[in-house]
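Colleague: I have a few quick questions about this protein. Can we go through them with the structure open?

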Amino acid sequence: MVNLTINDTPVSVKPGLTILEAAASVGIEIPNLCYLKNLNEISACRVCCVEIEGEGKLVPSCNNVVREGMIIHTNSPRVREARRTNVELILSQHDVQCATCVRSGTCQLQKVATDLGVLQVPYMHDLAQGKKTQWTKTFPLYREVNKCIKCMRCIQICDKVQSLSVWDVSGSGSRTTVDVSGYRFIKEADCALCGQCITHCPTGALRERDDTAKAFAALADPEKITVVQIAPAVRSAWAETLGEDTGGASVKQIVAALRKMGAEYVFDTTFSADLTIMEEGTELLHRLRAGDLAKQPMFTSCCPGWVRFLKSQFPELTGRLSSAKSPQQMFGAIAKTWFAERIGVDPSKIYSISIMPCVAKKSECELPGMQSTDAGPDVDLVLTTRELTRMIRAENLDVRTLPEVEFDSPLGVGTGAGVIFGASGGVMEAALRSAYFLTAGKNPPPDAFHDVRGYDAGRHGWREATFELAGIPVRCAVVSGLGNTRRLLHALKRGEVKYEFVEVMACPGGCAGGGGQPIDGSDLEKATPRSDALYMLDEAAELRFSHENPVVQTLYQEYLDAPCSEKAEHLLHVDHFTWEMPKHLE
């Protein structure tokens, strides 16, 4: 152990820890803005500097390792003065209109400045102007250059975790900033829209395109019948920035909130997750029996960030994707066909809104093939979980007093298998549960496929397991995070591994860690506790197999005939070759 003193407190810690980590181990917070453990330890912001007795200069605590006998002061007058000066200099190049920023209240720069008591900036403001501040208003990811503090987090998360390198340093000296790499516009980049740069940005420099005004307008329009769907992963995270713990608020409270906002129908995307399993599971068995998986696997296709990644990085593998649409898009197609017929309305009057943990879903609903009728897109508008919480705040709704209201019928019925779609490994597990039934004629134990759950990335960076379906061994892999995905695809192409079925989620931890999920300013990775909450809901569910969903059964009996029927192919499947992605910048 290494023995040292921090703020007059004796501390013993393991060798190799940084000063920042050692202080945190005894409850001493050292403010920082650029630090991300193992990803961004460059001490660019200089906010985390501390004073070490015997050292002439202040030392950044994020990348300096503890030594025996150190006497450290994290908040001495000298440290406070330097920290305040550094923050004031950062603010001089920052758009400080906090009242109009989506990160107000969760912005780390705002918190540090407030804690330091910074009431004015003594330096001349030096903000970018003209063309440098322009950004497209239609792309799902939005950047505000004058809120960027050059911490480099977005560069590191996109490069080291997601392996896309969409962001890079631009300019030099005092004009150094962050921009799209290769001097490209964002629409020309091979951005997967995973949104991880947004969730790891300490300020409001990166955010999703805000569509809340469109949602409020639709909810207030008497000519529109608003149909809202809520994704599985939203339920475990939505109230985190509204004062509740992860998983502490019920999805039925979201139903109550949306009703108060004017939504006519509120449904559960777990219904269409169950529907996706029926289509994708049937497709898997068809391809397995036909020998189509002898050389290359079938990949899941419900994550649009992953689909964008595959089409830009490995376009030759596009045909290996399942043709099944995502649950969001299947729901939209059914809402404007079967559901519209059941309630006797023209599909053109239905305005379909989805609430997703994802930024890429905003792009997915606009793709070719996502319009099943003449009534416009199957899904008209996508809101992230963050946008939902902003709308709840705008309506002055208190989570603590919101009642629990049931989903509407019939598209509000889902199973536990549908709920775990929000966790890495959940799609695979749900598919295997029903694929087993389709081949064996009986249900397996609900947790028979527990091994594919994505808590541990495994030695490769992904999970793998082998199960038997109809006497045929099915080798499965589950991967989340696009850097891990790239390594898996290279291993497949080199013949180092062999699988028949692969689940891929663009965001680390799956949709629970999605780029549209709440940001609380703590830098804590919450995919695991959010996933735990989803698995608890699955365990408590009355129905845990997608094929047992009674509404899905009725849908096939009344309208679709059978999984992968001609009508199901038209409404619930898509041709992935109908659109292109910008190629990767070499």
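Modeller: Below we talk about a sheet, a pair of helices and a pocket.

Colleague: What kind of model is this?
Modeller: The model is predicted.

Colleague: Start with the open sheet. In what order do its strands run, and is the pairing parallel or antiparallel?
Modeller: The open sheet has four strands in the order E11-E10-E13-E14, and their pairing is parallel.

Colleague: Which are the edge strands?
Modeller: Strand E11, residues 265-268, and strand E14, residues 381-384, are at the edges. Each of them pairs on one side only.

Colleague: And what does the twist average?
Modeller: From one strand to the next, the twist averages 25°.

Colleague: Take E10 and E11. How many bridges are there?
Modeller: E10, which covers residues 225-230, pairs with E11 over four bridges in the parallel sense. In that pair, glutamine 229 stands opposite phenylalanine 267 of E11.

Colleague: What holds strands of a sheet together in general?
Modeller: Strands pair through backbone hydrogen bonds, in either a parallel or an antiparallel way.

Colleague: Now H8 and H17. At what angle do their axes cross?
Modeller: The axes of H8 (residues 269-289) and H17 (residues 550-560) cross at roughly 65° and come within 10 Å. The crossing is right-handed.

Colleague: Which residues meet there?
Modeller: From H8 there are Phe271, Asp274, Leu275, Met278 and Glu279. From H17 there are Val551, Val552, Leu555, Tyr556 and Leu560. The residues of this contact divide into eight nonpolar, two charged and no polar.

Colleague: New topic: how much space lies in the second largest pocket?
Modeller: That pocket holds about 870 Å³ of space.

Colleague: How many residues line the pocket, and which lie nearest its centre?
Modeller: The lining has 33 residues, and Lys132, Arg143, Val145, Thr177 and Asp179 lie nearest the centre.

Colleague: Which element gives the most to the lining?
Modeller: E8 gives the most, with four residues. The elements that give two or more are E7 (167-170) and E8 (177-180).

Colleague: And how do the lining residues divide?
Modeller: The lining of the second largest pocket has 10 nonpolar, 13 polar and 10 charged residues.

How values were computed: Residues are numbered from 1 along each chain as its sequence is written. This is a predicted model: local features need pLDDT of at least 70, side-chain atom pairs count only at pLDDT 80 or more; totals for chains, interfaces and linings use all residues. Side-chain values use heavy atoms; hydrogens and water are left out. Axes are lines fitted to C-alpha atoms, for helices over the stretch in contact, and angles run from 0 to 180 degrees between N-to-C directions. A crossing is left-handed if the near helix is turned anticlockwise from the far one by less than a right angle, and right-handed if clockwise. Contact means heavy atoms within 4.5 Å. Ala, Val, Leu, Ile, Met, Phe, Trp, Tyr, Cys and Pro count as nonpolar, Asp, Glu, Lys and Arg as charged, and the others, Gly among them, as polar. On a 1 Å grid over the protein atoms alone, a cavity is a set of points where a 1.4 Å probe fits but cannot get out, and a pocket is an open set with protein on both sides within 12 Å along at least five of seven lines; lining residues have an atom within 4 Å of a point. Grid points are joined across faces, edges and corners, and a volume is the space filled by probe spheres set on the points. Two strands pair if DSSP finds at least two bridges between them.
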